[in-house]
Amino acid sequence: MRIELVELVDVRLPLVRPFRTSVSGDTERRTFLLRVVTDRAEGWAEYGGDPEPSYCAEFAAGTERVLADHLLPRITGLDRVSAARVGPAAAGVKGNHLAKAVLETAILDAELRAHGMSFATGLGAVRDRVPVGVSVGITDTVGELLETVAAHLDEGYVRIKLKIEPGWDLEPVRAVREEFGPDLPLQVDANTAYSLTDAERLRRLDDFGLVQIEQPLAEDDLRGHAELAAMLGTPICLDESIRSARDAATAIALRACRIVNVKPARVGGYLEARRIHDVCAAHGIPVWCGGMLETGIGRAQNLALAALPGFVLPGDISASGRYYAEDITAAFELEDGHLSVPDGPGSGVNVLPDALARCTVARRVLYA
Ligand SMILES: O=C(O)CCC(=O)N[C@@H](C(=O)O)c1ccccc1
């Protein structure tokens, strides 16, 4: 397979409601899509970062330069391009996992389409539909939170994740647990907002029977997470800290986590995501697929990953309507708390030209 053209499509999608975490408060998704045209097929992927380096160190404008000036020259020069060859060819570029992920994924999409193979088949999925959870942002009041959770439970989500931060933790979690009962699968995500000095406060979350406490401490603090894990009854899940299969092996060996949230964008793509799945499975560590407000392109690809055998916990893969009034692919609809895994070639979805045109800010050719 040979790359003929790579195009960046800068997009802006309004969110149906603001989404607030301990590190961000978004009313729209501003990101870009990458379109890779090869001599065999065309592939699409979406960037997992934002315009600002707030959630992670990478950001859209910087990634565009890394793609154009450092990654594409290494990849387009290959006589035979494949997703598996991107990692080794890009090894000379340090870090920049989101940049590598969007490029590798677009190439993987094209490669699978060229072979008439779905992401699900290509990655090793074992299920045709997966149960999904929903992530609930920080709200102005507990009352508003309870209304939001009730609405999502009515929609059929099988698990609720609450964003927490210092000052918004014990009270909202207690209110949700008391309102919806002890059997609701409930977990929290701190997005690195706490420190070890908060250990006693975090330990009080043990009273609520949570599935997990996600990323309470800084992303580079595996030692701190290991210390905290020894104090808590609730399992710790790591997200931002796990950037590779090696990180997963280290975190497991240090007992810094008992669960891992796998986000393909964060770890450099779906092939590394599968390696993390394999490392965790070998150690009996359950994984689930995290979300980054993906459009239908990333959502379709995440659903394929979430269908692998070790993804035994519901992921943050909501129906399209959770975030977007109009998606750029056919919308994903919740059915009895599950989403179907696309089985068409590649991601199994296609960009809707009119919908894409409505959210496109600019298009720039990065390679031709
Ligand atoms: O459902 C979704 O796609 C969002 C799930 C979610 O809460 N993602 C958070 C996170 O910290 O995991 C996030 C949002 C935006 C960007 C990065 C991460």
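**Stop one: a strand pair**

Select residues 160-163, strand S6, and then S7: the two run parallel and are joined by four bridges. Strands here are DSSP runs of E with at least two residues, helices are runs of H or I with at least four, and both are numbered from the N terminus. Two strands count as paired if DSSP finds at least two bridges between them. Before you move on, know that this is a predicted model, where local features need pLDDT of at least 70, side-chain atom pairs count only at pLDDT 80 or more, and totals for chains, interfaces and linings use all residues. Residues are numbered from 1 along each chain as its sequence is written, and side-chain values use heavy atoms, with hydrogens and water left out.

Now pick Leu162; its bridge partner in S7 is Val188.

**Stop two: both faces of S7**

Select residues 186-189. Are the faces of strand S7 covered or open? Both are covered: Leu186 and Val188 are buried on one side, Gln187 and Asp189 on the other. Buried means under 20% relative accessible area, with a 1.4 Å probe and protein chains only. In a regular strand, side chains alternate between the two faces of the sheet.

**Stop three: zoom out**

Show the whole protein chain, colored by secondary structure: you'll get 13 helices and 13 strands. The C-alpha trace spans about 60 × 40 × 35 Å along its principal axes. Color by burial next, and 58% of the 368 residues come up buried. As for contacts (heavy atoms within 4.5 Å), take those with a separation of 6 or more: residues 24 or more positions apart account for 72% of them.

Definitions and conventions. Buried < 20%, exposed > 50% of the residue type's maximum accessible area, 1.4 Å probe, protein only.
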